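The following account leads through a single protein chain, from its overall make-up to selected local features. Please keep the structure in view while reading.

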Amino acid sequence: GQHHVRFGALGHVVLPVAVASATDALPPALLAGLAALPYVRRVEPAPRFTGQNNVATVTLQAEESRNRPIWAHGLTGEGQVVAVGDTGLDYDSCFFDDGNQTIATYPAANWQHRKVVSYLPCVLTSGEKELGDIPNAHGTHVAGSLAGNAQHVPGTSTTEATVHSRTQYNGMAKDAKLFVNDFTCGKRALDNSMVLPGDMYEGYAPGYAMGARVSSFSWGDAGAPREYNAILRRTDAFVYENPDMTLVFAAGNGGLR
C-alpha cells in the first residue's frame with residue numbers, strides 16, 4: 001500500500017508525497033529534505049478518513065415513545081439547506097428521489113428539486129464527473145439521517161406501500177434540502193474512505209455558497225495524532241471568517257472510551 005505525507009508550501013498549497021508502507025516510519029532523509037526546503041512550512045502525516053456514523057440509535061425527539069414533539073411544533077427543516085460532505089449520495093433512493101427534476105451539479109443549482117439543491121461531484125483525472133454512491137455506503141446513510149424524506153415516485157420499482165413503511169426512518173430535518181459534497185471517487189468509496197481537498201477551506205465554502213448554515217462531516221481518522229494539523233487550522237479559519245456556519249463532525253464509532 002501507499003502512505004502519504006502532507007506538506008504545505010507557501011499559502012495553503014498541500015501536496016502528497018508517496019512513501020513506503022503505512023506501517024513504516026518516514027525515512028529521515030526524506031523528512032529532513034522536505035523540512036529544509038525554503039517554501040515548506042510544515043510536514044505532517046496525511047490521515048486516512050473514513051465514515052463514522054455507524055450506530056444512530058439515540059432517540060432525539062422522545063426518549064420512550066414514538067411521538068415526535070419537535071416535528072409536532074413545526075420544526076422539520078422546511079426552508080433550510082443542510083450541507084453534507086461524505087462518500088456521495090444515492091439520489092435515486094426514495095428518501096431523495098424526485099421524478100420530475102434533475103440533479104444540478106455545482107455551481108449550478110436546482111431549487112425545484114424536492115431534496116437535492118446541488119451536487120458537487122468527484123472529478124476523475126480524466127475530467128469525468130462522478131455522481132452517486134455505492135450500495136449501503138456511508139454518505140447516503142448520513143444524508144438520510146439528516147434530511148431523508150421517503151416519498152413514492154410513480155414509475156419506480158418500489159411500491160407506494162413499501163415507501164410509506166420507510167417514512168419511520170425519515171431524517172431529523174426531513175423537510176430540509178441538501179447540498180452534497182462528494183469526497184470519494186470510484187473504488188475508493190468501497191471502504192468508505194475519502195479524499196479531502198488539499199485545502200479543507202474549499203470543502204466548506206461551496207455548501208456555504210448554496211445557503212447552508214449547518215454542514216455535516218460524519219467522519220474522522222481514528223488513528224490520527226492529537227495535534228493541531230492543517231485540516232483543523234483551516235476549519236478554524238473558515239468558522240472564524242463565517243461565524244454563522246456550524247460544522248458538525250462525528251464523535252467516532254467506538255463509544256465511551
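The protein chain of this predicted model contains 6 helices and 13 strands. Of its 257 residues, 42% are buried. The accessible surface amounts to about 14500 Å², and carbon and sulfur atoms contribute 54% of that area. Among contacts with a separation of 6 or more, 71% are between residues 24 or more positions apart.

In general, an α-helix has 3.6 residues a turn, so residues three or four places apart point the same way. After α5 comes G211, which has a positive phi near 100 degrees.

Which side chain of opposite charge is nearest to D97? That side chain belongs to R114, at a distance of 6.8 Å. D97 is buried but forms no salt bridge, a salt bridge being defined by a nitrogen-to-oxygen distance within 4 Å. Apart from neighbours within four places in sequence, D97 contacts Y91, D92, R114, V153 and T156.

The loop between β5 and β6 also holds P107. The peptide bond joining Y106 and P107 is cis, with omega about 15 degrees.

Technical notes
Residues are numbered from 1 along each chain as its sequence is written. This is a predicted model: local features need pLDDT of at least 70, side-chain atom pairs count only at pLDDT 80 or more; totals for chains, interfaces and linings use all residues. Side-chain values use heavy atoms; hydrogens and water are left out. Buried means under 20% relative accessible area, exposed over 50%, partly exposed in between (1.4 Å probe, protein chains only). Lys and Arg count as positive and Asp and Glu as negative; His and the chain ends are not counted. Contact means heavy atoms within 4.5 Å. Helices (H or I, at least four residues) and strands (E, at least two) are DSSP runs, numbered from the N terminus. Accessible areas come from the Shrake-Rupley method with a 1.4 Å probe; for residues, only the protein chains shown count as cover.
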